[in-house]
Amino acid sequence: MPLEIVTVPCLSDNYAFLLHDTESGQTALVDAPDADAITAELTARGWTLDEILLTHHHWDHIDGVAPLREAYGAKVTGAAADAHRLPKLDRAVNDGESFDLFGHEVQVLDVSGHTIGHIAFYIPGSNAVFTADSLMALGCGRLFEGTPAQMWESLSKLMRLPADILVYSGHEYTQSNAAFALTIEPDNPALKSRIAQIDSARGTGKATVPSAMQLELDTNPFLRAHLPKVKELLGMAGAEPVEVFTEIRKRKDSF
Ligand code: ZN
Ligand code: FE
């Protein structure tokens, strides 16, 4: 049985995710922006909290850890490389490692770029990858600590995962990402139809996260830097994918 995954809106535009194993009744959380919102969701469902998985050190992903650990005794997992600036870790993990979560295999991928030591959690048995501020719906995280080359390598890693999985990213930035994506590929039909769906979802207050990996591959400009037609649109025919990615990221920073 795949994990039951619940999206929990937190703060103004963050998402946290509850991962519930229906057989054992155990629950994990990916990122802890706001203990109150997460506690309310757990209480409404009659769940407790056994594990907290952290993607990176930014306050809007870890601020809820202390009160949740205190209330539930949840065990905390995060990147060993970032242990010095994460809440105290019960399980420190490295790129390429796997660990067991209530009988489900979780693979750890280093996806540095937004921060150094940012990790993603891929759960093959649930067709889910938790990317937070690395790969985002129609976008990617701003490069606060890493280089464009690091982010391109991280995104390339995610692009090699199966296309039929869902991408659980950390923020509702999709509508503004969409406006930018259109400046790169104004005539991409998949992008245009995705934007119509995004606008109608947001019009009724619905989340646009998670999103299908295949849809990201077809529409997210940051995953398309290697495509000849995108290079041509940018006047960069023949350029290396990392150079094209760098240009797209630069344009987004001043968009
Ligand atoms: Zn962040
Ligand atoms: Fe964030």
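In which strand is Ala132 found? Keep that in mind as you load the model, which is a predicted one. Select Ala132 and you land in strand S10. Check its backbone: phi is near 50°, a positive value in a residue other than glycine. Most residues other than glycine have a negative phi.

**Stop 1: the cavity beside Ala132**

A search of the whole structure finds 1 cavity of 30 Å³ or more. The volume of the largest cavity is about 30 Å³. Select its lining: Tyr15, Phe17, Val30, Asp31, Thr55, Phe130, Thr131, Ala132, Tyr168, Ser169 and Gly170. Now colour by strand. S2, S10 (128–132) and S13 (166–169) each supply at least two residues of this lining. Which strand gives the most? S10 does, with 3 residues. Colour by class next: the lining has 6 nonpolar, 4 polar and 1 charged residues.

**Stop 2: the sheet that holds S10**

Show the strands around S10. Here 6 strands form an open sheet, in the order S7-S8-S9-S10-S13-S14. The pairing is mixed. Look at the edges: strand S7 (98–101) and strand S14 (211–212) each pair on one side only.

Move to S8 and S9. Strand S8 covers residues 104–110 and strand S9 covers residues 119–123. They run antiparallel, joined by 4 bridges. Select Val108 and find its bridge partner in S9, Phe121.

Then select the loop between helix H6 (189–203) and S14, where Pro210 is found. How are Val209 and Pro210 joined? A cis peptide bond links them, with omega about 5°. Most peptide bonds are trans.

**Stop 3**

H4 spans residues 148–159, and H9 spans residues 241–253. Two packed helices are described by the angle between their axes and the distance between the axes. For H4 and H9 the angle is about 110°, and the axes are 9 Å apart. The two helices are therefore roughly perpendicular to each other.

Show the side chains where they meet. From H4, take Pro148, Ala149, Met151, Trp152 and Leu155. From H9, take Pro241, Val242, Phe245 and Thr246. What classes do these contact residues fall into? There are 8 nonpolar, 1 polar and no charged.

**Stop 4: the largest pocket**

Clear the view and go to the largest pocket. Its volume is about 170 Å³. Select the lining: His114, Asp133, Met136, Cys140, Gly141, Arg142, Phe144, His171, Tyr173, Asn177, Arg249 and Lys252. Colour these by class. The lining divides into 4 nonpolar, 4 polar and 4 charged residues.

**Stop 5: the other sheet**

Select S1 to S6. These 6 strands form an open sheet in the order S1-S2-S3-S4-S5-S6, with mixed pairing. Which strands stand at the edges? Strand S1 (4–10) and strand S6 (91–93) do. Each has a single partner strand, so one side of each is left without a neighbour in the sheet.

Zoom in on S2 (residues 14–20) and S3 (residues 27–30). They run antiparallel, and 4 bridges join them. Select Leu19. It stands opposite Ala28 in S3.

**Stop 6: helices H1 and H3**

Finish with another helix pair. Select H1 (residues 35–45) and H3 (residues 65–72). Their axes come within 9 Å and cross at roughly 35°. Show the contact: Ala35, Ile38, Thr39, Leu42 and Thr43 belong to H1. Pro67, Leu68 and Tyr72 belong to H3. By class, the contact has 6 nonpolar, 2 polar and no charged residues.

Definitions and conventions:
Residues are numbered from 1 along each chain as its sequence is written. Chains are lettered from A and ligands numbered from 1 in the order in which they are written. This is a predicted model: local features need pLDDT of at least 70, side-chain atom pairs count only at pLDDT 80 or more; totals for chains, interfaces and linings use all residues. Side-chain values use heavy atoms; hydrogens and water are left out. Axes are lines fitted to C-alpha atoms, for helices over the stretch in contact, and angles run from 0 to 180 degrees between N-to-C directions. Angles under 35 degrees count as roughly parallel, over 145 as roughly antiparallel, 65 to 115 as roughly perpendicular and the rest as oblique. Contact means heavy atoms within 4.5 Å. Ala, Val, Leu, Ile, Met, Phe, Trp, Tyr, Cys and Pro count as nonpolar, Asp, Glu, Lys and Arg as charged, and the others, Gly among them, as polar. On a 1 Å grid over the protein atoms alone, a cavity is a set of points where a 1.4 Å probe fits but cannot get out, and a pocket is an open set with protein on both sides within 12 Å along at least five of seven lines; lining residues have an atom within 4 Å of a point. Grid points are joined across faces, edges and corners, and a volume is the space filled by probe spheres set on the points. Two strands pair if DSSP finds at least two bridges between them.
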